[in-house]
Amino acid sequence: MIAESRGADEPEAEGGSLTLLTLLALVVGAISGAVVALFMLLLEQADHLRDLLITLAHAEGPQGFWLLVAACAAATGVAASLVRRISPQSAGSGIPHVEAVLNGLLPQAPFRMIPVKFIGGALAIGAGLALGREGPSVHMAGTLGHLVGRTFRRNWPDCRVLLAAGAGAGLATAFNAPIAGAVFVLEELVRRFELRVAIAALGASASAISVSRAILGDGQDFHLPALVMPHLAIRPLFFVLGACAGLIAVVYNRVLLQTMATIQRVPVEARATLIGAAVGALAWVLPDLVGGGDAITQRTLLGAGTLAILPVVFLLRLALGALSYSAGTPGGLFAPLLVLGAQFGLFFGLACEFAFPDLNVQPEGFAVVGMAALFTGIVRAPLTGIVLATEMTADVTMLLPMLCACAMAMLTPTLLGDPPIYDSLRERTVARERARLDRSAARE
């Protein structure tokens with residue numbers, strides 16, 4: 001980490017620097033909000049295009065099937081090719097790369113990463129890969145923050161703050177959750193409270209949301225039925241839910257990392273094309289299961305699902321998410337995690353309702369808590385998970401149950417020695433990038 005230094009007799013200079021930094025953070029947030037909002041509009045159109053293609057494919061019969069498979073394969077193959085040829089740093093979520101840059105482990109990615117992430121992410125997610133919009137959003141917005149710092153000739157400490165603030169603004173815009181964006185910066189990206197970072201992150205998230213809502217409109221991402229505070233007798237069940245979520249988080253992390261380690265032996269374009277083709281085939285049979293998954297999460301939060309069906313859908317999405325992330329295209333983990341968390345929570349709630357019929361269990365409440373708990377177990381960022389679930393649903397009824405569940409979701413994988421997923425991904429990112437840079441230096 002690069003530390004700042006200043007003399008003890010420079011309070012006015014520091015105050016002026018902080019004021020300028022805050023103003024620049026507002027600019028970063030506004031630009032990030034506009035870029036990410038446009039990215040989300042593009043993803044929405046890509047989803048509509050995929051749905052239309054699926055409908056047309058079914059109308060054509062067997063020939064339509066192969067057309068759908070070819071279209072999805074081509075889109076993911078092109079996305080992977082853009083990454084390999086133009087900006088290798090664009091692969092995957094981007095959050096591990098942002099963390100590595102903030103910690104001084106890697107240099108900032110070239111600014112050409114932004115269009116590659118923008119276009120490649122739209123191609124991959126639009127093709128139906130189970131990837132989230134938040135990874136590209138965080139990566140693009142963080143890079144924009146660094147670009148603004150460079151444009152105004154700020155030193156590295158200021159550029160670092162603007163990079164972190166931009167990343168938080170990207171997450172805030174992607175999920176319409178400004179507080180979660182700022183909390184994410186402090187809890188996950190820098191992992192400590194830094195006054196300058198906190199001020200910049202709050203300002204950037206606020207301006208990003210103001211701009212994005214002007215483009216996308218207002219309102220929360222997910223709608224819930226009327227929830228009631230669980231009775232005292234029900235609350236111990238949330239500790240059990242959290243512990244189970246922690247166990248599932250360990251399984252998820254290991255499945256994802258093992259899948260990546262196994263598939264990376266295949267050349268990236270071929271790998272992405274094959275995975276895209278498989279997703280296209282799945283889209284032909286089960287079109288509602290592909291893509292980022294917001295529609296699945298919404299249906300789950302409204303209680304759609306049974307004890308028999310939910311485990312099957314959960315396992316399909318778990319496998320699809322691991323394969324999709326291994327494709328090497330741009331795309332994040334958060335949105336697919338929310339799908340899995342909501343599904344697990346609803347399943348747990350339905351099981352409790354069946355086992356304890358006298359307790360008046362509300363399964364939809366468990367679905368909300370499940371989102372925060374599984375996110376916490378996998379990422380190990382409980383405050384971000386709780387605030388994110390609360391802001392996305394605009395409901396505070398389940399805050400206390402979330403605290404209960406997230407405490408256990410943190411404890412369980414920690415006792416089992418399972419590292420947070422972004423720690424593992426950051427190590428892989430640093431090793432890959434250093435090897436690539438060494439090869440480039442050797443060729444020169």
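Trainee: Which residues line the largest cavity?
Mentor: This is a predicted model, in which local features need pLDDT of at least 70 and side-chain atom pairs count only at pLDDT 80 or more, while totals for chains, interfaces and linings use all residues. Residues are numbered from 1 along each chain as its sequence is written, and side-chain values use heavy atoms, without hydrogens and water. A cavity is a set of points on a 1 Å grid over the protein atoms alone where a 1.4 Å probe fits but cannot get out, and lining residues have an atom within 4 Å of a point. On that basis, the lining of the largest cavity is made up of Ala130, Tyr252, Arg317, Gly321, Leu333, Pro336 and Leu340.

Trainee: Which elements give two or more residues to the lining of the largest cavity?
Mentor: Among the residues of this lining are Arg317, Gly321, Pro336 and Leu340. Helices are DSSP runs (H or I, at least four residues), numbered from the N terminus. The elements that contribute two or more residues here are α12 (309-325) and α13 (334-355).

Trainee: What is the volume of the largest cavity?
Mentor: The search covers the whole structure and finds 1 cavity of 30 Å³ or more. Grid points are joined across faces, edges and corners, and a volume is the space filled by probe spheres set on the points. For the largest cavity, this gives about 30 Å³.

Trainee: How many residues of the lining of the largest pocket come from α1?
Mentor: A pocket, by contrast, is an open set of points with protein on both sides within 12 Å along at least five of seven lines. The largest pocket has a volume of about 900 Å³, and of its 38 lining residues the closest to its centre are Glu44, Asp47, Arg133, Asp294 and Ala295. At least two lining residues come from each of α1, α6, α8 and α11 (294-301). The largest share belongs to α1, and it amounts to 8 residues.

Trainee: Which helix gives the most to the lining of the second largest pocket?
Mentor: The second largest pocket has a volume of about 660 Å³, and of its 24 lining residues the closest to its centre are Pro88, Ala91, Arg271, Gly328 and Arg432. Four helices each supply at least two residues of this lining: α2 (62-86), α3 (95-102), α10 (268-285) and α17 (421-443). With 7 residues, the one that gives the most is α17.

Trainee: Is aspartate 158, which forms a salt bridge with arginine 154, buried or exposed?
Mentor: The side chains of arginine 154 and aspartate 158 meet at 2.8 Å, N to O. Buried means under 20% relative accessible area, exposed over 50%, and partly exposed in between (1.4 Å probe, protein chains only). Arginine 154 has 23% and is therefore partly exposed. Aspartate 158 has a relative accessible area of 2%, so it is buried.

Trainee: Is asparagine 176 buried or exposed?
Mentor: Asparagine 176 is found in the loop between α6 (156-175) and α7 (178-189). Its phi is positive, about 55 degrees, although it is not a glycine. Its relative accessible area is 12%, so asparagine 176 counts as buried.

Trainee: What is the relative accessibility of alanine 394?
Mentor: Alanine 394 lies in the loop between α15 (382-393) and α16 (399-415). Although it is not a glycine, alanine 394 has a positive phi of about 55 degrees. Alanine 394 counts as exposed because its relative accessibility is 56%.

Technical notes:
Salt bridge = Lys/Arg side-chain N within 4 Å of Asp/Glu carboxyl O.
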